Amino acid sequence: MKLEVLVSFSYGEREVLRNVGFTAERGELFSIIGPNGAGKSTLLKAMVGILEPEGSVRLDGRNILTMKPKERAKLITYVPQSSFPEFAFTIEEFVEMGAYATRGDVESALKRVGLWERRREQVTNLSGGEYQLALIARALAQGSEVILLDEPTSHLDINHALEVMEILRELKNEKIIIAVLHDLNLALRYADRLMLLHRGRKHWEGEPGELEPGVLEEVYGVKVKLTEVDGHRIILPQLAKV
Ligand SMILES: Nc1ncnc2c1ncn2[C@@H]1O[C@H](COP(=O)(O)OP(=O)(O)OP(=O)(O)O)[C@@H](O)[C@H]1O
């Protein structure tokens, strides 16, 4: 299964994405990185049809942007940046809210993220990290082929962040998983491919092992060192400006 993206998007007069193109496949975790305001969230919203971009998003050749919303929702699911729920639902009801979830889907999704035992608790009881897991369960219960996640580890401690990344690593063999990540070290460790977005354009794309400090320095404006610890590449930002 393959997702081929080529989109441009403007908010009114303001161009935010220009010809951003990439291909993501099942079996790899694809991560979008880039500084604040680069257009990462806009790109995910454009891909899922919340915004109406120019261009196409093809899943195995079929353009999902021209599909009816209902048909599209069966194929692609967007997990927004975590904001806390304002209404009281049980965890189970919250996961069921996805339009196409069956009871069996809800059960297996909750089991997958480790929240099945707590399903009758109020979703407002959950910590930030647990709530993120509930959001992922809700996306899983949809059963779509593609899941887009916007900063799934923001606000999470390292333990919960790793837990979320491990779940995504398992899921990538069943679905196309595309995650915007702010934490470059998590991106280096877990992503199979990275796309660096800068001012609405693709600045660089490749495998984590191919990333050079200069590429990050150009975009983030700080000196960085890339080193290796226990076989993992680590980015150390320096205080010096480029
Ligand atoms: N509704 C909107 N109307 C006008 N401009 C917008 C709107 N939403 C976002 N933008 C602008 O589009 C640009 C890209 O925003 P976007 O949220 O996609 O960036 P991002 O890379 O996700 O940033 P961050 O890492 O800070 O979340 C920014 O300059 C932002 O100010």
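The protein chain has eight helices and twelve strands. Its radius of gyration is 18 Å, close to the 18 Å that the globule rule gives for 242 residues, so the chain is as compact as a globular protein of that length. The model is a predicted one. Along the principal axes, the C-alpha atoms of the protein chain fill a box of roughly 50 × 40 × 30 Å. Of the 242 residues, 39% are buried. Among contacts between residues at least 6 apart in sequence, 65% join residues at least 24 apart.

**Strands and sheets**

| Strands | Direction | Bridges | Partner residues |
|---|---|---|---|
| S4 (residues 54-59) and S5 | antiparallel | two | Leu 59 and Arg 62 |

Is strand S8 enclosed or open? Five of its five residues are buried, so S8 is largely enclosed by the rest of the structure. In a regular strand, side chains alternate between the two faces of the sheet. In S8, Ile 176, Ile 178 and Val 180 point one way, while Ile 177 and Ala 179 point the other way, and all are buried.

**The nonpolar core**

The largest nonpolar core has 71 residues. Those with the most contacts inside this core are Met 47, Val 95, Ala 134, Ile 136, Ala 137, Leu 148 and Ala 187. Helix H5 (residues 128-141) gives the core its largest share, nine residues. Leaving aside neighbours within four places in sequence, Val 95 is in contact with Ala 101, Val 106, Ala 109, Leu 110, Ala 134, Ala 137, Arg 138 and Ala 141.

**Around the ligand**

Which residues are around the ligand? They are Tyr 11, Arg 14, Val 16, Gly 34, Asn 36, Gly 37, Ala 38, Gly 39, Lys 40, Ser 41 and Thr 42. By type, this shell divides into three nonpolar, six polar and two charged residues. Strand S2 and helix H1 (40-48) each supply at least two residues of the shell. The largest share, three residues, comes from H1.

**Two residues with positive phi**

Most residues other than glycine have a negative phi. Arg 199 is not a glycine, yet its phi is positive, about 50°. Arg 199 lies in the loop between strand S9 (193-198) and strand S10 (201-206). With 15 other C-beta atoms within 10 Å, Arg 199 is partly exposed.

Asp 230 also has a positive phi, near 50°. Its place is in the loop between strand S11 (222-229) and strand S12 (232-241). Asp 230 counts as exposed, because it has 5 C-beta neighbours inside 10 Å.

How values were computed. Residues are numbered from 1 along each chain as its sequence is written. This is a predicted model: local features need pLDDT of at least 70, side-chain atom pairs count only at pLDDT 80 or more; totals for chains, interfaces and linings use all residues. A nonpolar core is a set of buried Ala, Val, Leu, Ile, Met, Phe, Trp, Tyr and Cys residues joined through C-beta atoms within 7 Å. A residue is buried if 20 or more other C-beta atoms lie within 10 Å of its own, exposed if 12 or fewer, and partly exposed in between; C-beta atoms are placed from the backbone. Helices (H or I, at least four residues) and strands (E, at least two) are DSSP runs, numbered from the N terminus. Two residues are in contact if their C-beta atoms, placed from the backbone, lie within 7 Å. Two strands pair if DSSP finds at least two bridges between them. A residue is near a molecule or strand if its C-beta atom, placed from the backbone, lies within 6 Å of it. Ala, Val, Leu, Ile, Met, Phe, Trp, Tyr, Cys and Pro count as nonpolar, Asp, Glu, Lys and Arg as charged, and the others, Gly among them, as polar. The radius of gyration is taken over C-alpha atoms; the globule rule is 2.2 Å times the number of residues to the power 0.38.
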